[in-house]
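Please look over the structure shown here together with its sequence. The report that comes after it is arranged by site and by type of packing.

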Amino acid sequence: MKNIKVLIVDDEQTITQFLMLGLQNEGYIVETASDGMQGIAKADQFEPHIIILDVMMPGMDGFEVCRMLKKKGRKLSIIMLTARDQVDDRIRGLNDGADDYLVKPFSFEELLARMQARLRNQFPELGDSIQAGPLRIDDRRKEIYLEKELLQLSPTEYELLKYLAMNQGIVLSKALILDKVWGYGFNGEENIVEVYIRSLREKLHDKDRQLIRTIRGAGYRLDVK
């Protein structure tokens, strides 16, 4: 999926920060709002694909926010969060236009799975393609194109370049890249990242290191226009 925008509307700052950092790390574009009125205003400006909406907020609660957003007729998916585990609340949320419902506490992995399901159902046009400047990633076919050139990549090179593309403009440390590309169980040296970055630069014709930049002491950043 490409350029997916997510709006988090929740008055609990710890939850908001946790979700924002986690979703950004997964490649989503994220904005936040701390109450219902601000959430409606942000939705109008930001035009998110998905809204993660808390039910229990001061002033305007999530049910009312959901109703107002759905009345606007904009194409979006709303996943409601609540500390309540009452069937009546879930039914009310769905009747007000929510597309899905999660009861706190919930796992981040479950939220991601539900988001991806909603995206496939409501935004099939986004498909499995990621566009990052001259790079086009077809995740279904596991292919990456530089303009019209199909890059000949190993599976690990593919996952590394895809991860850089999903986080374009963001500095990624070697440790983070190892966790996301090689996995948490990897016991090798961090220098393996340098080896694969060097190989990617060769295949991307990035001799001057303007596409994949080395940020001294911090990591790597994909810069595309």
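What follows describes an annotated site, its surroundings, the aromatic pairs and the nonpolar cores.

## Basis of the description

This is a predicted model, in which local features need pLDDT of at least 70 and side-chain atom pairs count only at pLDDT 80 or more, while totals for chains, interfaces and linings use all residues. Residues are numbered from 1 along each chain as its sequence is written, and side-chain values use heavy atoms, with hydrogens and water left out.

## The annotated aspartate and Thr82

An unreviewed UniProt entry carries the annotation "modified residue: 4-aspartylphosphate" on Asp54; UniProt positions are given in the numbering used here, feature names are shortened, and annotations may be inferred rather than shown by experiment. Asp54 belongs to strand E3 (residues 50-54), where helices (H or I, at least four residues) and strands (E, at least two) are DSSP runs numbered from the N terminus. With a relative accessibility of 2%, Asp54 counts as buried, a term that means under 20% relative accessible area, as against exposed over 50% and partly exposed in between (1.4 Å probe, protein chains only). Setting aside residues up to four places away in sequence, Asp54 touches Val9, Asp10, Asp11, Gly62, Leu81, Thr82 and Lys104, contact being defined as heavy atoms within 4.5 Å.

Thr82 is part of strand E4 (residues 77-82) and is buried, with a relative accessible area of 0%. Although Thr82 and Asp54 are 28 residues apart in sequence, their C-alpha atoms are 5.9 Å apart in space. The contacts of Thr82, not counting residues up to four places away in sequence, include Val55, Tyr101 and Lys104 as well as Asp54.

## Aromatic pairs

Two aromatic pairs are counted, under a rule by which rings of Phe, Tyr and Trp (its six-membered ring) pair if their centres lie within 6.5 Å, with planes under 30 degrees apart counted as stacked, over 60 as edge-to-face and the rest as tilted. The rings of Phe18 and Phe108 have centres 5.8 Å apart and planes at 70°, so this pair is edge-to-face. Because Phe18 lies in helix H1 (residues 13-25) and Phe108 in helix H5 (residues 108-122), the pair ties together parts that are 90 residues apart in sequence. Phe108 counts as buried, at 14% relative accessibility.

The rings of Trp182 and Tyr196, with centres 5.2 Å apart and planes at 80°, also form an edge-to-face pair. This pair links distant parts of the chain, Trp182 being in helix H7 (residues 174-182) and Tyr196 in helix H8 (residues 191-203), 14 residues apart.

## Nonpolar cores

The largest nonpolar core has 26 residues, of which Leu135, Leu164, Ile177, Leu204 and Ile212 touch the most other members; such a core is a set of buried Ala, Val, Leu, Ile, Met, Phe, Trp, Tyr and Cys residues joined through side-chain atoms within 4.5 Å. Among the elements that each supply at least two residues of this core are strand E6 (129-132), strand E7 (135-138) and strand E11 (219-222), while H6 gives the most, with six residues. Leaving aside neighbours within four places in sequence, Ile177 is in contact with Leu160, Tyr163, Leu172, Trp182, Val193 and Tyr220. A second, separate core of 21 residues includes Met20, Tyr28, Val30 and Phe123.

Lys162 is found in helix H6 (residues 155-166) and is buried, with a relative accessible area of 14%. Glu143, in strand E8, counts as buried at 17% relative accessibility.
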